[in-house]
Amino acid sequence: GASPVQRSLEAGDNPVGVSVLFTVSKMDAGPIISQKSYTIEDVDEEDASTLLPKLFEVGTDLLLECMPDVLEGKITMDTASIQ
């Protein structure tokens, strides 16, 4: 979606998470390569401006972790998890 962190905070979601997926023409519809959850430790103090950088770091690490398998062809559009 357009504002997933803000919507998750509004809904009270905990844990939240990030997904690495293949890009397709439809928003948030590509096959999932990898996902990782993140537990918000202080729900009352967290907002989008503090949570986004944390999730960005989690997502960056996850992307770097799975890129070799994508580049080597171990994970493809056909073998990734369909949403």
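From the N terminus on, the elements run α-β-β-α. That makes two helices and two strands in the protein. Keep in mind that this is a predicted model.

Overall dimensions next. The C-alpha trace spans about 45 × 25 × 15 Å along its principal axes. The accessible surface comes to about 5800 Å², and carbon and sulfur atoms hold 53% of that. Of the 83 residues, 29% are buried. On contacts: taking those with a sequence separation of 6 or more, 61% are between residues 24 or more positions apart.

Now charge. I count 5 positive and 15 negative side chains. The centres of the two sets lie 6 Å apart. There is a negative surface patch, formed by E41, D42, D44 and E45. Take E45 from that patch. Where does E45 lie? In the loop between β2, residues 32–38, and α2, residues 48–71. Its relative accessibility is 60%, and since the cut-off for exposed is over 50%, E45 counts as exposed.

For a second residue, go to strand β2 itself, which holds S34. Is S34 buried or exposed? Its relative accessible area is 19%, and buried means under 20%, so S34 is classed as buried. What does S34 touch, leaving out residues up to four places away in sequence? The list is V18, S19, V20 and L62. Of these, L62 falls within the 48–71 range of α2.

Key:
Residues numbered from 1 in each chain as written. Predicted model: local features only at pLDDT ≥ 70, side-chain atom pairs only at ≥ 80, totals over all residues. Heavy atoms only, no water. Patch = residues over 30% accessible without salt bridge, like charges linked within 9 Å, V, L, I, M, F, W, Y side chains within 5 Å. Areas by Shrake-Rupley, 256 points an atom, 1.4 Å probe, with all protein chains shown as cover. Salt bridge = Lys/Arg side-chain N within 4 Å of Asp/Glu carboxyl O. Lys, Arg positive; Asp, Glu negative; His and termini not counted. Charge placed at Lys NZ, Arg CZ, Asp CG, Glu CD. Helix = DSSP H or I, 4+ residues; strand = E, 2+ residues; numbered from the N terminus. Buried < 20%, exposed > 50% of the residue type's maximum accessible area, 1.4 Å probe, protein only. Contact = heavy atoms within 4.5 Å.
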